Amino acid sequence: MALNKRIIKIDERSIQLIFGEYDKNIRKIEKAFNISYIYRGDVLTIEGEESLVEKAESVINDLYVICKKGNDITDQNVDYAISIVNSGEGGRVSDLEADDELICHTLAGRPIRPKTFGQKKYTEAIDNNMIIFGCGPAGTGKTYLAMAKAITAFKKGDVERIILTRPAIEAGEKLGFLPGDLQSKIDPYLRPLYDALYEIMGAESFQKNMEKGLIEVAPLAYMRGRTLDNAFIVLDEAQNTTESQMKMFLTRIGFGSKAIITGDQSQKDLAAGTKSGLDIALKVVNNIEGVAICQLTAKDVVRHPLVQKIVEAYEKYDSQRNSNKNHFDKSGDKNSSRKNTFHKN
C-alpha cells in the first residue's frame with residue numbers, strides 16, 4: 001500500500017486548540033483515519049493511505065477555520081467533523097459557527113447555536129413556520145433549541161408570553177400520591193423545562209416573568225378550553241400525548257403564535273394499546289402549509305459520544321426486531337392460508 005503525505009501550515013495557537021488537551025483531538029483523528037502525524041515549526045505533516053489522508057486533511061482544515069474565527073474546539077466539533085467526512089454528505093462544521101447561526105447566549109455567556117446540520121434545518125424551520133414538529137432520539141437538542149428560540153422571541157418582543165407544557169405521565173413507574181400543593185405535584189414532570197429556562201434566562205428573571213403571567217409552565221391538561229394568541233408555545237414529550245390531547249393542543253393555537261412540538265417516538269410511556277397523538281398528528285398534518293416536520297437522527301446527538309452509540313445500537317435493535325416480527329407475521333399468514341385450504345378440502 002502506497003503512503004501519501006500532506007502538509008498543512010498552522011500557527012502555534014491554532015495547533016494547540018486542534019490538538020486539544022493532551023493531544024486528545026489529534027489522536028482521535030489519527031485513530032479514525034489510521035494516519036500518523038508530525039508537527040514541527042508551523043508545519044503539520046500527516047501520512048497514510050491517500051483517501052484517508054485526504055479525509056484527515058479535510059477534518060483538520062475544518063477545525064482550523066473554527067480556530068481562525070476565534071472559537072474553541074470542542075469534542076463535539078471533532079466527532080461531528082469526522083462523522084461528516086466519513087458519511088460523504090458534504091458540509092463543514094465551521095459553517096455552523098457562523099454569527100448568523102447564533103440563537104442567543106446562556107446566562108453564563110455560552111453561545112447557543114445549532115451544532116449539526118440536522119439542528120440547523122430544525123432552527124430554520126422554526127423561523128419559517130407557525131407549527132413545527134421536532135422528532136428524534138434523546139440528546140438531539142429538540143427541546144433545548146426550542147426553548148432558546150422561545151426565549152429569544154420573547155426578549156425581542158415578537159411574542160407576548162411563553163407557554164411550556166408536557167403531558168404529566170410517569171416514565172414507566174407508578175409514583176403514587178405526591179405530597180404538597182398542586183404546583184409541587186406537577187413540578188417533577190416539568191423539571192427539564194425549568195432547567196433550560198434557568199440556564200438561558202436565569203432563575204430570577206424566570207420567576208419575575210412567571211409571577212406576571214408572561215411565562216407559564218403547565219401540564220398539557222390545563223390547555224383545554226384556551227385560545228393562545230401572541231404566544232410561543234412548546235409542547236415537550238409529545239410522544240406521550242393521546243390522539244385527543246394532540247388534537248386539543250393543535251386547535252388552541254391563535255393569531256401571532258408559534259408552536260413547537262417535540263418528541264421521541266421510540267420512548268413512549270403510554271398505556272399498552274394507546275396510540276400516540278404524535279404519531280397520528282405527523283400523518284394528519286403532513287401536507288399542511290405552515291407546518292414543518294423535522295426528523296433528527298443519531299447523527300444529531302450532541303451529548304457524550306457514547307450516547308450517540310447507544311442510540312444507534314437501539315435503532316439497529318429495533319430495526320432487527322421489526323424485521324423479525326414482519327417475517328413472523330408473514331409466516332403466520334402462510335400457515336393460516338394452508339389451514340384454510342385444508343379445511344376447504
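This is a predicted model: local features need pLDDT of at least 70, side-chain atom pairs count only at pLDDT 80 or more; totals for chains, interfaces and linings use all residues.

Student: Is Met248 buried or exposed?

Tutor: Burial is judged by relative accessible area, and a residue under 20% counts as buried. Met248 has a relative accessibility of 5%, and therefore it is buried.

Student: Which residues does Met248 touch, beyond its neighbours within four places in sequence?

Tutor: Met248 is in contact with Leu220, Met223 and Arg224. Arg224 stands 24 residues away from Met248 along the chain, yet their C-alpha atoms are 6.5 Å apart.

Student: Where is Gln239 placed, and is Gln239 buried or exposed?

Tutor: Gln239 lies in the loop that runs between β9 (231-235) and α9. Its relative accessible area is 1%, so Gln239 is buried.

Student: What does the side chain of Gln239 reach at 3.0 Å?

Tutor: At that distance is the backbone oxygen of Gln267.

Student: Which residues form a nonpolar patch on the surface?

Tutor: The patch consists of Leu306, Ile310, Tyr314 and Tyr317, which together have about 450 Å² of accessible area. Tyr314 is part of helix α11, residues 305-344. A residue over 50% relative accessible area counts as exposed; Tyr314, at 54%, is therefore exposed.

Key. Residues are numbered from 1 along each chain as its sequence is written. Side-chain values use heavy atoms; hydrogens and water are left out. Buried means under 20% relative accessible area, exposed over 50%, partly exposed in between (1.4 Å probe, protein chains only). Contact means heavy atoms within 4.5 Å. Patches are made of residues with over 30% relative accessible area and no salt bridge: like charges are joined within 9 Å, nonpolar side chains (Val, Leu, Ile, Met, Phe, Trp, Tyr) within 5 Å. Accessible areas come from the Shrake-Rupley method with a 1.4 Å probe; for residues, only the protein chains shown count as cover. A salt bridge is a side-chain nitrogen of Lys or Arg within 4 Å of a carboxyl oxygen of Asp or Glu. Helices (H or I, at least four residues) and strands (E, at least two) are DSSP runs, numbered from the N terminus. A polar contact is a pair of N or O atoms within 3.5 Å; within protein, one must be able to donate a hydrogen and the other to accept it, and residues adjacent in sequence count only if both atoms are side-chain atoms.
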